[in-house]
Amino acid sequence: MSDTKLILHIGSTKTGTKSIQRALAVAPHSDLRDWAYPQAGRKTIAHHNLAYEMGAAFHAAQRWKPEQGGWDAALAEAGGAARMVISSEAFIYLTPPEIKALARKIGHLTPCIHLYLRRLD
């Protein structure tokens, strides 16, 4: 494992994830210092394309867009940052085998998963 901590921010809809994503996406890199919030995998503020890359159903629905960048590009962009933040609500839809494939992809990082849920009533 590397010294880079991967903060994987996962949330169901209506949990405030867009507010967090928006703040991270617009923060100047000088304010983030040893943080990385890669552009790769994001069309706008969220890393949906990184979840789409890992999910067979997303591939079948043609949601995965290689031109928006995938995990390899995001990892390269983060370089040697101490912390890398990846955020998408779409990770919640990955199946157990897809989550295992994701774990293999990021196995060299120290993961920290932040999951946001809400009551549906």
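User: What makes Ile-92, Tyr-93, Ile-113, Leu-115 and Leu-117 a nonpolar patch on the surface?

Analyst: A patch is made of residues with over 30% relative accessible area and no salt bridge, and nonpolar side chains (Val, Leu, Ile, Met, Phe, Trp, Tyr) are joined within 5 Å, while like charges are joined within 9 Å. A salt bridge here is a side-chain nitrogen of Lys or Arg within 4 Å of a carboxyl oxygen of Asp or Glu. Ile-92, Tyr-93, Ile-113, Leu-115 and Leu-117 form such a patch, with about 540 Å² of accessible area together. The areas come from the Shrake-Rupley method with a 1.4 Å probe, and for residues only the protein chains shown count as cover. This is a predicted model, in which local features need pLDDT of at least 70 and side-chain atom pairs count only at pLDDT 80 or more, whereas totals for chains, interfaces and linings use all residues. Residues are numbered from 1 along each chain as its sequence is written, and side-chain values use heavy atoms, with hydrogens and water left out.

User: Why is Ile-113 called exposed?

Analyst: Exposed means over 50% relative accessible area, buried under 20%, and partly exposed in between. Ile-113 has 56%, and is therefore exposed. Its place is in strand β4 (residues 110–116); strands (E, at least two residues) and helices (H or I, at least four) are DSSP runs, numbered from the N terminus.

User: Is Arg-22 buried, exposed or partly exposed, and which patch includes Arg-22?

Analyst: Arg-22 has a relative accessible area of 45%, so the term is partly exposed. Arg-22 is found in helix α1 (residues 17–26). With Lys-14, Lys-18 and Arg-118, Arg-22 forms a positive surface patch. Lys and Arg count as positive and Asp and Glu as negative, while His and the chain ends are not counted. The place of a charge is taken as NZ of Lys, CZ of Arg, CG of Asp or CD of Glu.

User: Why does Ser-88 count as buried?

Analyst: The relative accessibility of Ser-88 is 1%, so Ser-88 counts as buried. Ser-88 is found in the loop between β3 and α6 (96–105).

User: How do you know that β1 pairs with β4?

Analyst: Two strands pair if DSSP finds at least two bridges between them. β1 and β4 have 7 bridges, in the parallel sense. Among the facing residues, His-9 stands opposite His-114 in β4.

User: Why is one side of β2 and of β4 left without a neighbour in the sheet?

Analyst: The open sheet has 4 strands in the order β2-β3-β1-β4, with parallel pairing. β2 (35–36) and β4 stand at the edges, each with a single partner strand, so one side of each has no neighbour in the sheet.

Definitions and conventions
Buried means under 20% relative accessible area, exposed over 50%, partly exposed in between (1.4 Å probe, protein chains only).
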